[in-house]
Amino acid sequence: MTLSFTGLGLSADKVHHLEKLGFREPTPIQAQAVPHLLSGRDVVGQAQTGTGKTAAFALPLLEQIDPRIPVLQSLILTPTRELAIQVCQAMRDLNTDRSLKILAVYGGQSIDQQMRRLRRGSQVVVGTPGRVLDLINRGALNLDQVNWLVLDEADEMLNMGFIQDVETILNCTPAERQTAFFSATMAPTIRELATKFLRSPVTVTVEAAKSAPTRIEQRVYVVPRGWSKSRALQPILEMENPESALIFVRTRRTAAELTRQLQAAGHSVDEYHGDLTQSQRERLILRFRQQQVRWVVATDIAARGLDVDNLTHVINYELPDSVESYVHRIGRTGRAGKEGMAISLVHPLEKYKLRQIERHIQQKLAFAKIPTRAEIAARHLERLQAQVEDAITSERLASFLPIVSQLTESYDLRTIAAAALQMAYDQMSPSWQRHEIHTEITETERHGQRSPSKQGRGKSSSKQRRTIQPSASSSQD
Ligand SMILES: Nc1ncnc2c1ncn2[C@@H]1O[C@H](COP(=O)(O)OP(=O)(O)OP(=O)(O)O)[C@@H](O)[C@H]1O
Ligand SMILES: [Mg+2]
């Protein structure tokens with residue numbers, strides 16, 4: 001396998017630019033797919049989430065486009081709007097030719113504005129199928145000269161609902177175009193579609209073992225019988241204290257409800273789903289990327305492709321409908337060689353779904369116990385101690401010494417230190433303090449056994465299950 005970008009056939013210019021972006025060597029999917037794409041072959045590329053599939057198709061594509069010709073030469077289709085924006089941005093970052101125009105087109109944004117921009121002559125368009133079709137029908141997008149077509153998240157794009165739009169779009173492009181499908185998951189049915197849309201494609205599959213599957217620690221918490229998931233989530237969040245987390249739910253309503261509960265408990269969290277306006281969606285993703293909001297409660301519209309730097313945790317508050325979706329959801333963390341934690345909350349009756357997931361990912365999932373109050377308190381103290389040790393070596397410490405001197409006139413040093421720690425401790429866990437009673441877990445509850453203090457637990461458990469709605473269709477365009 002080639003281990004340098006130069007060896008893959010990319011120009012020296014591009015390689016230098018990649019180094020500046022921190023791309024020192026190609027990832028396995030890039031090493032394997034780029035040479036085929038540069039040689040003009042159609043490619044079906046499958047590699048784990050977060051392993052650089054975007055650059056695997058973007059780099060050879062950018063290398064081959066002629067920036068001097070002001071007509072559309074390349075079209076990339078993505079299943080969601082945010083992914084169109086993200087892939088467009090990634091391509092702009094990878095691009096070295098200023099005269100090349102790369103444009104994202106997607107629903108929820110003014111079509112007139114997109115038409116005006118298209119008139120200025122974009123050579124690369126990244127878009128969602130609905131909006132692309134709309135623009136074709138309005139005569140604003142002409143695909144006659146498209147010689148590069150990529151389906152990112154190909155299996156999702158070819159799912160029911162998308163397939164017809166995608167076929168119509170493909171029929172508007174020249175038959176001799178070069179086509180590539182990329183995704184972390186490729187259901188067997190994709191082969192049939194590849195036969196239909198691609199010309200003798202090369203299949204590039206990066207084996208799981210080669211792309212570090214252990215980057216993501218997967219953990220399952222079984223919600224004790226009679227407990228609601230939100231009650232079980234609270235101690236887990238307190239224990240984990242995620243830097244940044246995507247919490248997946250199945251419906252927009254649950255997203256809104258859970259967000260409200262977590263906000264009420266004092267957490268920095270917001271909701272993300274198809275009921276928001278496009279500008280609300282974009283603003284939230286931006287705030288999340290800039291770490292202005294720590295946690296996002298999202299439906300599956302955030303499951304695919306989204307690349308948020310340093311996302312430490314993915315939490316499946318509710319399991320997804322499909323095993324593929326599980327793979328994509330947890331793949332929002334542990335990207336570009338980093339580590340991540342994926343947590344799933346399940347009711348005892350959902351355990352069969354876990355077995356399906358385990359079979360699919362060929363891995364056993366580890367079960368963990370919901371942390372007790374004592375364990376959470378111990379974790380808080382550990383964090384506090386680490387923070388104190390950091391503060392001792394910080395420069396700002398000196399400005400507090402006069403206060404200490406004053407206080408020592410009346411109290412001894414140990415008392416002053418303990419009081420300061422108590423104040424810091426109280427500040428660090430305001431939500432936990434307030435929700436102390438709810439997070440209290442007895443040993444009996446932990447093992448899901450009957451507790452006389454809980455009323456009608458059997459009933460409330462089935463009630464909880466009934467409130468889980470069938471997956472709301474996500475609005476894509
Ligand atoms: N060769 C490389 N060296 C360093 N970082 C890279 C390299 N290639 C890609 N990356 C970075 O890795 C991250 C993940 O890349 P990308 O989003 O393309 O993953 P993906 O395989 O498409 O994942 P998903 O299946 O979730 O869509 C990005 O932030 C990207 O900038
Ligand atoms: Mg991707």
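Biologist: Which residues come nearest to ligand 1?
Modeller: In this predicted model, the shell around ligand 1 has 19 residues, and Thr49, Gly52, Lys53, Thr54 and Ala336 are those that come nearest.

Biologist: And by class, how many of the shell residues are nonpolar, polar or charged?
Modeller: Ten residues of the shell around ligand 1 are polar, six are nonpolar and three are charged.

Biologist: Which helix gives the largest share of that shell?
Modeller: That is helix H3, which spans residues 53-64 and supplies three residues, the largest share of the shell around ligand 1.

Biologist: Which domains does the shell draw at least three residues from?
Modeller: Domain 1, covering 6-205, and domain 2, covering 216-372, each contribute at least three residues to the shell around ligand 1.

Biologist: What does the domain assignment give for the chain as a whole?
Modeller: The assignment lists domain 1 at 6-205, domain 2 at 216-372 and domain 3 at 374-439; between the C-alpha centres of domain 2 and domain 3 the separation is 31 Å.

Biologist: Back to H3, please. How does H2 pack against H3, at what angle and with the axes how far apart?
Modeller: Helix H2, residues 28-38, packs on H3 at an angle of about 30°, and their axes are 9 Å apart. With that angle, H2 counts as roughly parallel to H3, because angles under 35 degrees are classed that way. The crossing in which H2 passes H3 is right-handed.

Biologist: And H4, at what angle do the axes of H3 and H4 cross?
Modeller: The axes of H3 and helix H4, residues 81-94, cross at roughly 50° and come within 10 Å, and H3 and H4 are therefore oblique to each other. H3 passes H4 in a right-handed crossing too.

Biologist: In which hand does H6 pass H8, left-handed or right-handed?
Modeller: H6 passes H8 in a left-handed crossing. For the geometry, helix H6 (residues 129-137) and helix H8 (residues 163-171) have axes that come within 9 Å and cross at roughly 40°, which makes H6 oblique to H8.

Biologist: Changing topic, what does UniProt list for residues 3-31?
Modeller: An unreviewed UniProt entry gives residues 3-31 as "domain: DEAD-box RNA helicase Q", and UniProt also places "short sequence motif: Q motif" at residues 3-31, again from an unreviewed entry.

Biologist: Which residues does the "Helicase C-terminal" annotation cover?
Modeller: According to UniProt, in an unreviewed entry, "domain: Helicase C-terminal" covers residues 231-378. In the model, the end C-alpha atoms of residues 231-378 are 20 Å apart, and that span is 41% helix and 18% strand.

Key. Residues are numbered from 1 along each chain as its sequence is written. Chains are lettered from A and ligands numbered from 1 in the order in which they are written. This is a predicted model: local features need pLDDT of at least 70, side-chain atom pairs count only at pLDDT 80 or more; totals for chains, interfaces and linings use all residues. A residue is near a molecule or strand if its C-beta atom, placed from the backbone, lies within 6 Å of it. Helices (H or I, at least four residues) and strands (E, at least two) are DSSP runs, numbered from the N terminus. Ala, Val, Leu, Ile, Met, Phe, Trp, Tyr, Cys and Pro count as nonpolar, Asp, Glu, Lys and Arg as charged, and the others, Gly among them, as polar. Domain bounds come from an automatic or database domain assignment. UniProt positions are given in the numbering used here, feature names are shortened, and annotations may be inferred rather than shown by experiment. Axes are lines fitted to C-alpha atoms, for helices over the stretch in contact, and angles run from 0 to 180 degrees between N-to-C directions. Angles under 35 degrees count as roughly parallel, over 145 as roughly antiparallel, 65 to 115 as roughly perpendicular and the rest as oblique. A crossing is left-handed if the near helix is turned anticlockwise from the far one by less than a right angle, and right-handed if clockwise.
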